[in-house]
Amino acid sequence: MDKIQQLEYHSIFILREAYRSFKNIAMLWSIGKDSTVLLWLAKKAFFGHVPFELIHIDTGYKIPEMIDYRDRIAKELQLRLIVGQNKKALNLKETFPDGVTDRIVCCKNLKTIPLNHTLDGSWERKVYEPISNTWSVIANAEPYNAVIVGVRSDEEGSRSKERVFSVRDNKHEWDASSQPPELWNLYKTEFAPGTHVRVHPLLEWTELNIWEYIERENIPVIPIYFDQGNGERYRSLGCYPCTSPVKSTSKNPKEIIAELTSGKFKDIAERSGRAQDKEGGGTLETLRKEGYM
């Protein structure tokens, strides 16, 4: 068994353990490569069926190709998709692109706050029903007590402090110093009532591992990860006012793997094109303490 197969089997074990342990669980789907690999692993874990809802937080500023890809894949794979959004902040223009806030506050307004309210059911959820191929709106929905997230410990500093089963309080706030120990792949999955849990099946994966798995499994990721003929591609996806493409002529996973192992991106941080990471002291830990992904 090679490294990638070990990672795959371990992630599938975590997914099954999470589904067994929590009554009302969902999975965050940012549409990026990591959460799309996570979706692929979920299909493998449950024999082609994804038994929980997928959640996407739409900031209103996502790269347009991301939304097109989201809707197409949800339809093709027959996924029950939940979309949350902070409509009030968008209507009041409480955003960085409108010149009212800095990037960190904008992330809180458009990502953290709607995520927390979508998870606890206090804000309406827009729902795609694959059987009828229709969208509807649900208000006062049942809260999720756990959510599966595709974060990796190598991606950004604060994420290296996470556990596989990561505890949040009833306000979705995270205290990195009070996480349960996880030794020998033994995980604590029983928690006090009111505890919210984030589950991280990809925590031990690296950016290189993700692309190696995408190549091996031929996973259909969003095309803007590849050079479309202009010598640029996206390495990390987010909102278009704060996310820049990188100079690269890689047109497939194999060429990206070469860039990561011996090429131009071997020693360059993956999120170097994400402008919000450079504010607030260069870390997202403040946002993550409040519930950010």
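Helices (H or I, at least four residues) and strands (E, at least two) are DSSP runs, numbered from the N terminus. The model on display is predicted: local features need pLDDT of at least 70, side-chain atom pairs count only at pLDDT 80 or more, and totals for chains, interfaces and linings use all residues. Residues are numbered from 1 along each chain as its sequence is written, and side-chain values use heavy atoms, without hydrogens and water.

First, select helix H1 (residues 3-21) and helix H2 (residues 33-45), whose axes come within 9 Å and cross at roughly 75°. Axes are lines fitted to C-alpha atoms, for helices over the stretch in contact, and angles run from 0 to 180 degrees between N-to-C directions. H1 and H2 are therefore roughly perpendicular to each other (under 35 degrees is roughly parallel, over 145 roughly antiparallel, 65 to 115 roughly perpendicular, the rest oblique).

Next, select Glu8, Ser11, Ile12, Leu15 and Arg16 in H1, which meet Leu38, Leu41, Ala42, Lys44 and Ala45 in H2; contact means heavy atoms within 4.5 Å.

Then select His56, in strand E2 (residues 53-57). His56 is buried, with a relative accessible area of 1% (buried is under 20%, exposed over 50%, partly exposed in between, with a 1.4 Å probe and protein chains only). Beyond residues up to four places away in sequence, His56 touches several residues, including Trp29, Lys62, Arg70 and Gly84.

Finally, select Trp211. Leaving aside neighbours within four places in sequence, Trp211 is in contact with residues including Lys33, Val221, Tyr225 and Pro253.
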